[in-house]
Amino acid sequence: MEVDCEGCAGCCIDWRALVDEPDDRERRGNRRPLDDTYNLVPLRRGEVRAFLEAGLGDAMTPRLWLDDGGVEIDGRELAGIGGSPVFFVGLRTVPKPVAPFDDDPEWLPACVFLDPETLQCRIHGDELYPQQCSSYPGHNLTLDQETECERVEGAFGGDRLLDDEPPDDAVAHSTTTPGSQARQDADGLLLGPQALGEKLFVHPDPARLAGAVDRIAEGEPTAADRAEFVGVAAASSPGTTSVDDRRYEAARERALDADSWVGAAADEWCERRDADAADPSLAAVVEGERGAPPTPGWD
């Protein structure tokens, strides 16, 4: 794919506040996200485990969906399977001082790994870089869906999507064998039953989520709330709704004990949003001095 990402990061920033008519594409139909995060990228089970192993359990957060007639928790009906809520795990979004699209700096929700100064991902090219991010926007083009590049072009002008032909490795190849579910190649979209336990997880005990659903809906999940879902995702098995209890306990504790630069920077960004003017150079102190990986900048 050939795209122009310099000065953009439209897929990593919630830029809805910059336009008069914000896009609501993620909140249409019967199932709407419980949270208000924009472009939350789903992580695969192996990626969740990798972040935990790297001490970055505090970089992840869950997403659940509202669904009329679904599983009721905290007075809300949630999408579920067999009486248990379904969810995926993505990377947290926090307020950061950014200046995308040649605009003045503003406090906007952004991915925890986005460097506000260069508008580049701090883990791009790293082994932790999510597969969903690395294949974007190829999958959108494969499904004939609008890309964030095109939305940015429509809202702010310019050319971002320079190549509208999806790469070969973004094309899903599905095969079906008797007695088995459809399977896709390693870079498949995982949109059907094959997503279960791999990208879409089932929480086994709705009672444990009392209070957490309210906090997630209000945009204020606690570290314990996030760790609960991360633990279940890490302990899930592909193609099933089962969860390994021992692995769950270990993963939840590991997520809860995480004390990375990501979590500490997220707390400080929230404090600075209410006290400081938007200044991307603050990233050197808030993230850089805590050990955040540098980005190469633009040629």
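A pocket is an open set of grid points where a 1.4 Å probe fits, with protein on both sides within 12 Å along at least five of seven lines, and its lining residues have an atom within 4 Å of a point. The model examined here is predicted.

Start with the second largest pocket. Its volume is about 670 Å³. The lining is made up of 25 residues. Those nearest the centre are T37, T93, G219, E220 and P221. Several elements give two or more residues to this lining: the strands β2 (60-63) and β7 (93-98), and the helices α5 (212-217) and α8 (261-273).

Turn next to a sheet. Three strands make it up, in the order β1-β3-β4. The sheet is open, and the pairing is antiparallel. Its edges are β1 (32-33) and β4 (76-78), each of which pairs on one side only.

Take the β1 side of the sheet. Here β1 pairs with β3, residues 65-73, over 2 bridges in the antiparallel sense. R32 has L66 of β3 as its bridge partner. P33 stands opposite W65, also in β3.

Now cross to the β4 side. β3 and β4 run antiparallel and are joined by 4 bridges. In one of the pairings, E72 has E77 of β4 as its bridge partner. How many residues lie between β3 and β4 in their hairpin? There are 2. D74 sits in that turn, with a positive phi of about 55°.

Another positive phi lies before the sheet. A9 is found in the segment that precedes β1. Phi of A9 is near 60°, a positive value in a residue other than glycine.

A further backbone feature is a cis peptide bond. Where is it? The bond joins Y136 and P137, with omega at about 5°. P137 belongs to the loop between α2 (131-134) and α3 (138-142).

Finally, look at a pair of packed helices. Such a pair is described by the angle between the two axes and the distance between them. Helix α6 covers residues 223-234, and helix α7 covers residues 245-257. Their angle is about 140°, and their axes are 7 Å apart. Is the crossing right-handed or left-handed? For α6 and α7 it is right-handed.

The contact can be followed residue by residue. From α6 come A223, A224, A227, E228, V230, G231, V232 and A234. They meet R247, Y248, A251, R252, A255 and L256 of α7. Sorted by class, this contact has 10 nonpolar residues, 3 charged residues and 1 polar residue.

Definitions and conventions
Residues numbered from 1 in each chain as written. Predicted model: local features only at pLDDT ≥ 70, side-chain atom pairs only at ≥ 80, totals over all residues. Heavy atoms only, no water. 1 Å grid on protein atoms, 1.4 Å probe; cavity = no way out; pocket = protein on both sides within 12 Å on 5 of 7 lines; lining within 4 Å. Points joined across faces, edges and corners; volume = space filled by probe spheres on them. Pairing = 2+ DSSP bridges. Axes fitted to C-alpha atoms, helices over the stretch in contact; angles between N-to-C directions. Left-handed = near helix turned anticlockwise from the far one by under 90°. Contact = heavy atoms within 4.5 Å. Nonpolar A, V, L, I, M, F, W, Y, C, P; charged D, E, K, R; others polar.
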